[in-house]
Structure formats: C-alpha cells, structure tokens
Amino acid sequence: MDASLEKMVDPTLAEMGKNLNEAMKMLEDSQREADEEREKKKYIRKDIPGPLQGSGQNMTAILQLVQNLMHGEDEEELQSHRLQNIGEQGHMSLLGHSLAAYISVLDKERLRKLTTRILSDTTLWLCRLFRYENGSAYYHEDDREGLLKVCKLIIHSNYDDYATEGFNVLHNKSPVLYISAASRTGLGQYICNQLGLPISCMCSVPCNTMFGSQHQMDVALLERLIKDDIECGKLPLLLVANAGTPGAGHTDKLARLKELCSQFKMWLHVEGVNLATLTLGYVSSSVLAATKCDSMTLTLGPWLGLPAVPAVTLYRHEDPSLSLAAGLTTSQPVEKLRALPLWLSLQYLGHDGIVDRIKYASQLSQRLLENLRKLSSIRTSEVITKPKELTFTGKSVGNILGNILLAIVEDEFNSPVLVFRFIQEHLKSALDGAQYQTAAVQESTKDSNERETDDALNRWLGEQLGQLVPTSGVDVVELEDEGACIRFSPLMTAAVLNTTPEHVDQLVECLKAKIPILISTLQLREEFKQEVYQTPALTYIEDLSWPGLGAIRYEINNEEPDPEKQLLAMEKITTRLLKKLKEFDSDLMFSTGPEFGSEKNCIYIGMVAETLDVPELVETIAATGKEIEESSKLLENMTEVVRKGIIEAEQQLQKANEAKLLEEGVLRQIPVVGSVLNWLSPVRSSVKGRSFSLAGGSLESTDKLYALKAQASEGTPPPTPTASRTKPKSPGQKLFRRSSRASVSDMVSETSVGHTEEMEGSQTITGTTRLEGENEIHKSSESSVQLNGDLEHPGPIQPEGKSDENRSNVQEVHQTSESAEAQDLEKEDLR
C-alpha cells in the first residue's frame, strides 16, 4: 500500500493516505494490547500486590522506588536527607556485602578455601592491631551478641553436663555475672533473657566511693560481693569491665580486676570506646591492661567510618569444641563471609590509615579540651578524675599517698571521650580552692533545687550546640553523680559526620556565645520571682526543669462556682495572653512550657539576656492580662444585653407589622392587588427604622442616627486612643530591654514634655480647623470662588446680626458630631 501511495501524483492525497495508514495501525496495536491485557487479567490473583503483578519491574523503577523511600519525593527534602559521609573506604565495605552474596554461589571446595583465608587473615590483622596475642575472633551484627556467646562458653566450661542436662545443672550452683553500674543500660537484662537465667544471677557492681573516677568499678566492694556469693553457694563466672564507659568514657582499673578474676577463676570481658587507642603508638597503662583480659568487643564501624561492618569479639580459649557449642565458631562457610567487608576495608585503609583515623579523633578531643580549659564556667571531665575524699583512719600516710598517686595515674586523661558541664562561678572557685576535692562532693552540699536547675540549663545548652553545630556530634548524657552533661565523642561520630578542627572551633564559639545567656538567666531568675510575687494578678510557678527565666500564671478575678467553667475561662484568657505576648517585638520566647508538663494554663519565658527589664516585663504581662480579662467580661455581659435586645426588637417588629397591616389594609397585602392599589393610590408608611445601642442596651429610632451621620461624614474621626504601658524606646530598640538610667530618665522627661506640648498644640489646631470647616459648611451657598490661587470673587457678605446665631449653631452641630463620634468609637471597640 505504501508503494501505491508513492506512485500517486497528488502529494496531498498521498500524505493523507499515509497518515490514515499510521492511524489505523496505531488503533489496531492498541486494540491488540488491550486484548492481551484482558487475557492476562483472567489469570491474575486479586490478593497479589500491584508491584508483583505481571512480569515484574525493571531495574530503573526499582531503584527510583528505593530512592523515594530513602529521601522522599520532594527535592528540598532530598537535599536535607543526604547520606552521611561514607568515602571510598565505605564503598569497599558495601562492595564486601555484594561480593559475599556472589561468592556464596561457588562450589563448596572453593568456598571453603576462600572463607578460611578471609577469616584467618582478618583475625590475624585485628589481633596484631589491638595487641591481642593468640586470640580468636567472632564476627556479629549486634554488638551485644559477642558477650552473649562468651557467656555460653563460660557456662559450658564450668558446667560439664550443661549440654545434656540444661538448666537443671544450674539449680544446685547458681551462676553469677557481675556488671559495672556504669555499663550501658539493659545489658544485664538482655543477657539473662537470652540465656534463660533469672535476674538474680546478675549482680550490679557500684562504682568508686573512695578514690578515682565516679564511673570506675569499686574493686574492694566487688571482692566482698564475690566472697559473699561464694559463701552462699553460688558460682561467680563473669565480670564485664569498661575501657571507656558509655557515659563519660572512663576506664576501670583493669589490671587490678584481672588479678581479682584470676584469684576467683572468673572470666574478664572488656568493652568500650577506649579500646580503639590500643592501635596507637602510645597507650596508657590503664587501657593497655585490656590486652590481658579473656575477651574484648571491638566496634570498628563507627571508629573507622565503615558502614555495615560487623562488630568483632576477640577471645582466648583452648577447647574448640566448646567454642563450637557456644556458637563462637561455625562450620558453615557462608557464615564465615561476615568478615569479608571488614577484610576488604582493612586492606584498603592499611595500618597507617587505621591509626591516622583514631589519632585524628583523639586530636579533635584534645583540641576541644584545650579551649574548654580557658572557660571559667565550664567543668570538664578532668576535674571528675581527681580523688574525691581522704580517709586517714586505720591507714598509714604512705599507703594513703600511694593510693592517691595510683588513682591519679590510673585516671590520667587519656580517653577520646570528653564530657563537660556548665557550672556557676561560686562552684568553680570552690573547685580551684580544694586540691583533692572533686566536683561531686561540692555539688552534694548544694540545694537539690539548684542542682535540678543546673541540669535543665545543661540540657538546653547541649541541645543548642547540637543544633548549631550538627557536624560536631555532641549530645546530652545523664550521669549519676554529675547530672546532665554534654558529651563529645569523636571516635563514635567524627568519621561518619566528617568532623574537622574548624567544626570544633565553631563549637567553642557557639559555647562562648551561650554562656552569657545562661549566666544572665540565672541572675535574673530571683528578681523575676520577686517581681511576680509583688504583682497581685500573677502567680509564680516553680518549675525547676524549665531552662528559662521562669513560669507564671495569670489569675482571673472570677467568682464562678463551677470549677470546670472557671478552668475554661482561665484557659481562654491564657491563650489570648500568650498570643498577645508573642506579637510583641521582643527577643523573648513565650510558650506553654513542656509538652507533658504537670502545670496547666501557664506562660513560660525562655532564656534572657542581661539587658532584660524585668519590672517592665512583669508589668506588661499583668496589664495585658487585665485588659484581656476586662474585655472578656464585657463581652460576656453584653451577651445577655444583646439577647434581651433581640427579643425586644422582635416584639417591636411584630407590632410594627401589625400596625402596617391595620394602616394599609388587607387588600394591599395581596401581591397583585396590592401593587395596583399602591400605583393608583400610594401610601406613605409610618413604620420607622430602629437601631440597637450596645452601650445602652435599648432600641432607638434611626432618624437621629442618620442625621448625626450626615453631619459627621465630612469630618475626619479622631484616631482610636490606645494606652501604652511600655516605656519609651529609642528607634530600633525592642521591648523589655533595659537601657542606662541616665539615658532612660532623660528620654522619659523629654518625651513627656514634648508629648504634652504636642497634645496641646494638636487640640488647638483641631478645634480651629473644625470651627473653620463648619463655618465653611454653613456658608457654602454664598462661598467665595478662588481661581488659580490668585484671583478671588467674593460673594455677598453675611450680616453681622446673624453671626452670633451662626456661632451657636456651629457649636451645637460640633457637640452633636462629637457625641456621634464617641458612640461610633465605642461600638468599634466592642466589635
């Protein structure tokens, strides 16, 4: 058909035929596709989800779906949810997961050889890097799983018949596991739940009470606990120590704990972020003692910035059968491929790359520490590590000095975890005066209310620093003795967030900017409290957990007996008052307080600067609340008046309609007949309009109102008077800011004098203008005409005899117009 079209002479007909041919082909194809889809639908199950129906999705559509799930479909949201810093070493880790899936399809012999090589290489490298000789490795996804497998190994080693008898062998001699009180929350409960042991098998060891850090395990107390358990017929099995506690990063006395475990034939397991420093050239003696423990857990992922790499538990045990029974080793080659991502990443980084990353994180922590030492209002973790009390009873001076020296050496600041806290100046001076007295003892003498206030301020400070410098990775941690502190742990965050020294400097600058606000808020709190107590309409709310100036409640003067109605009225006034305060041009933050706070109908004021004028703030809040309360009462009273007025208006309208019916007759009410009668004989209705006065609460005729409106329409109504409660401010100055006393007094005096003169002048000018305008209104018929501002044709002159009469008329009209304007202003205020 195409050849025949080409032979046609007329090109128009040829083109038309070609288009028709293509159109028919498209219609036929669409019809065929519809038939195929209809045929497929016969065999589609309705319970199969949409993406699984048909022949499947292509790769592009699937990846687009994954991207939408990760970032969202909005472009702005996509920019704000970028992946964290991964780098090339991270790509090696991700490649390892893909290779593990690919290698798993090899034949069994090749797979066995390959997995054995990968597992042995990775284990050897880690033991050399972390100075752990003759160790074996277990790779696991959950960082607690390694400790769990170790516990199974210990139980199998100490109970010969455990593999066959199970929990029955534990009945006669109950096992005991000891965990430091400073360990991460829920670790002991997790182990007991996974092993099927009662919680009584877990013993929490308190931290130091004599020398050293408040987060170190009390060795003497641990020894007494072990002896007591042995006397009770229990079997001590395991001790979990910390080389870097989760909160403050402190290291237990590992050397002394190892001696104690060897004495009672216990297993010593160590975990913590400070284990990363074992790869450095210089390692402190307290952390180096971890190399003699029976097992340790390493979390290399956050330390080196490697995504999705497994955690590693290094352990020493001579019986491979028991390790296999505990699950520490496996005969499945596929499970050995867990080490493949780590095997690739360690080769990519090399020894220098691994050491440089850990050293870089330690340098960031040291950089921040040097800057924090210069701030008098900041206490760092160095202060915590000093001995906290001296006891000379029953001990020689040599032993005491030896213990003090040992505590100082063991607690030497070597952790890359830095914990700091804002304190008040008097506490800092007390710390400087006592050489061996720690901050915890000083804070124990403080009032509990003051301690809770300091915790609230530190929580606010930590949240602010985290928001202002998110790449620093700082967070808030709750410590048992110190309270709320700010933690900087670059080993856990720097590699992922790509933290730089510039970020640390930015963090210090933000901290310096926030310290004056904290100090000024503490100083003005008491003044604010006293000002609120002296104000009758306000009540001070004591909320120590609020990090701000304070909280108040406006008390309404309501004698409502129903408490629910009274509470509802207070809630309405508080809501309106809060909205009004937020509209003020000030630097203060007003809110309803914490979301789940116990206090209701309160207004919370946030952090303030030292320039805050507290009396003005309190006076403004009280006056604004009173104004809102009065307007609310006025509206409530007007409700009843308006209701009665509406009833009266309905009655008068009914009477007016009846009078109209009697006056016009029944025939005029019929639509057709009435229009004809009105056309033949028009009737002027005697029904007059009515207006409802909100001020008087009565109905009035509209004739007088229209007359007053006509007379006052040509004048300009005066502005609505507003009472200003705030002090005069200089241009650009915001509300509630305190200026110097001299400048304020001068400004107030000049403003008051100038304002008085301006009011007097404006009143004189206004009166003159009104009289002149009204004279011109009465002389409009005989007014003069001015042409181009120069030529003027005067009209007839008014006789002198009528001048006094005109003046009296002008005064009467002026007074009437002023009364009408006053009524209009009153109505506008009520509206």
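The chain exposes about 48,600 Å², and carbon and sulfur atoms supply 53% of that area (Shrake-Rupley method, 1.4 Å probe). This is a predicted model, in which local features need pLDDT of at least 70 and side-chain atom pairs count only at pLDDT 80 or more, while totals for chains, interfaces and linings use all residues. Residues are numbered from 1 along each chain as its sequence is written, and side-chain values use heavy atoms, with hydrogens and water left out.

**The chain as a whole**

- You will find 30 helices and 19 strands in the chain; these are DSSP runs numbered from the N terminus, with helices (H or I) of at least four residues and strands (E) of at least two.
- Of the 831 residues, 39% count as buried, where buried means under 20% relative accessible area, exposed means over 50% and partly exposed lies in between (1.4 Å probe, protein chains only).
- Take the contacts (heavy atoms within 4.5 Å) between residues at least 6 apart in sequence: 71% of them join residues at least 24 apart.

**Helices α11 and α12**

- The axes of α11 (residues 219–231) and α12 (residues 254–264) come within 11 Å and cross at roughly 15 degrees.
- On the α11 side, V219, L222, E223, I226, K227 and I230 meet R256, L257, L260 and F264 of α12.
- Sorted by type, the residues of this contact are seven nonpolar, no polar and three charged; Ala, Val, Leu, Ile, Met, Phe, Trp, Tyr, Cys and Pro count as nonpolar, Asp, Glu, Lys and Arg as charged, and the others, Gly among them, as polar.

**L538 and its surroundings**

- L538 is found in strand β12 (residues 538–541), and because its relative accessibility is 6%, L538 counts as buried.
- Leaving aside residues up to four places away in sequence, L538 touches V532, I552, R553, Y554, V618, I621 and A622.
- L538 and A622 are 84 residues apart along the chain, with 6.6 Å between their C-alpha atoms.

**Two loop residues with positive phi**

- K265, although not a glycine, has a positive phi of about 55 degrees; K265 is found in the loop between α12 and β5 (267–271).
- With 73% relative accessibility, K265 counts as exposed.
- N601 is not a glycine either, and has a positive phi of about 55 degrees; N601 lies in the loop between β14 (590–591) and β15 (603–605).
- At 15% relative accessibility, N601 counts as buried.

Definitions and conventions
Axes fitted to C-alpha atoms, helices over the stretch in contact; angles between N-to-C directions.
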